[in-house]
Amino acid sequence: MSSVLRPAISGEDPQTIGRYRPISSHLAIAPPVSVVIPAMNEAENLPYVFKTLPHWIHEVVLVDGNSTDNTVEVARELWPEVKVVEQRGKGKGDALITGFEACTGDIIVMVDADGSADGNEIVSYVSALVSGADFAKGSRFANGGGTSDMTPIRKLGNRVLCAAVNAKFGARYTDLCYGYNAFWRHCLDQIDLDCTGFEVETVMNIRVVKAGLKVQEIPSHEYLRIHGTSNLRAVRDGLRVLKVILKERSNRRALRRTPHAAQLDSRRGEVS
């Protein structure tokens, strides 16, 4: 892994500058950045998504969930170098895992295809990572964040579930169920994703804490979906998230017991 944070100074040797990607007038980075966008029938929203993506990103990976509209064609028109990956399974989690496997960048950014995320915020996520964080977690409720797309019941559910994760895993999150995140690719080896639905964000947030990775929250604003309707269902998916929290908690207890049990077995062997 290479993390470089340096000023973009004019007048430098072009061969030296070529190793860096300028992401602002004062900041340049060396690591390539991949953006993963899971999409199913989002042709009308993609123009709003792509127009905010920074020009300096290394690649865009679009995971097509068997769209019946012209999602893929629109993506290729908007970003000719886009890497299109066909999703063979179902669910957001499955789509993201498929996209992550196709990435070649050192940094991976997750962006929804409904137009609710502002690609201009990516610079904040990347800056946090090259400054030392392992996982940059978007938060609508951190100071400077906000949302235009949450009902009162979803806000309440997110707050309760977030509090449960903080209490059970020692996290300090202000937001839990939000899909705008970025991380170093090596983190995937430590969180071992294995879920298919909307609960994928919760699984990631829990496992980065369990793995002892450095997390930094990034204030983010969630905008209204521009076209179409979301597949998210507050009660159904809230219950799936709660089930994940309980399962991850049980796994953590099992891991704590395992070394103790192994030690006892070792002592028994010495006695006999």
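A: Start with helices and strands. Both are DSSP runs, and they are numbered from the N terminus. A helix here needs at least four residues, a strand at least two. Helix α8 is one such run, and E201 sits in it. Keep in mind that this is a predicted model.

Q: How many helices and strands does the chain have?
A: The count is nine helices and eleven strands.

Q: Is E201 buried or exposed?
A: E201 has 5%, so E201 counts as buried. Now look at what touches E201. Beyond residues up to four places away in sequence, E201 touches K92, M110, L176, Y178, G179 and N181.

Q: What share of the chain is buried?
A: Of the 272 residues, 47% are buried. The chain exposes about 13,800 Å², and carbon and sulfur atoms supply 52% of that area.

Q: What is a nonpolar core, and which residues touch the most other members here?
A: In soluble globular proteins, nonpolar side chains tend to be buried together. The largest nonpolar core in this model has 72 residues, and I37 and F100 touch the most other members. Helix α5 gives the most to this core, with six residues. As for F100, its contacts beyond four places in sequence are V36, I108, M110, F183, L188, L193 and M204.

Q: Why is α5 described as largely enclosed?
A: Count its buried residues. Helix α5 covers residues 122-130, and seven of its nine residues are buried, so the rest of the structure largely encloses it. The buried ones are I122, Y125, V126, S127, A128, L129 and V130. Their cover includes the strands β2, β3, β6, β7, β9 and β10.

Q: How do I read a phi angle?
A: Most residues other than glycine have a negative phi. Two asparagines here have a positive one. N41 has a phi of about 55°, and N66 has a phi near 60°. N41 is in the loop between β3 and α2. N66 is in the loop between β4 and α3. N41 is partly exposed at 36% relative accessible area, and N66 is partly exposed at 45%. There is a glycine to see too: just after α5, G132 takes a positive phi of about 130°.

Q: What lines the second largest pocket?
A: The volume of the second largest pocket is about 180 Å³. Its lining is D194, C195, E199, V203, R207, R240, K243, V244, K247 and E248. The elements that give two or more residues to it are α8 and α9. Helix α9 supplies the largest share, five residues.

Q: Which classes of residue are in that lining?
A: Sort them by class. The lining of the second largest pocket has seven charged residues, three nonpolar and no polar ones.

Definitions and conventions: Residues numbered from 1 in each chain as written. Predicted model: local features only at pLDDT ≥ 70, side-chain atom pairs only at ≥ 80, totals over all residues. Heavy atoms only, no water. 1 Å grid on protein atoms, 1.4 Å probe; cavity = no way out; pocket = protein on both sides within 12 Å on 5 of 7 lines; lining within 4 Å. Points joined across faces, edges and corners; volume = space filled by probe spheres on them. Nonpolar A, V, L, I, M, F, W, Y, C, P; charged D, E, K, R; others polar. Buried < 20%, exposed > 50% of the residue type's maximum accessible area, 1.4 Å probe, protein only. Contact = heavy atoms within 4.5 Å. Core = buried A, V, L, I, M, F, W, Y, C linked by side-chain atoms within 4.5 Å. Areas by Shrake-Rupley, 256 points an atom, 1.4 Å probe, with all protein chains shown as cover.
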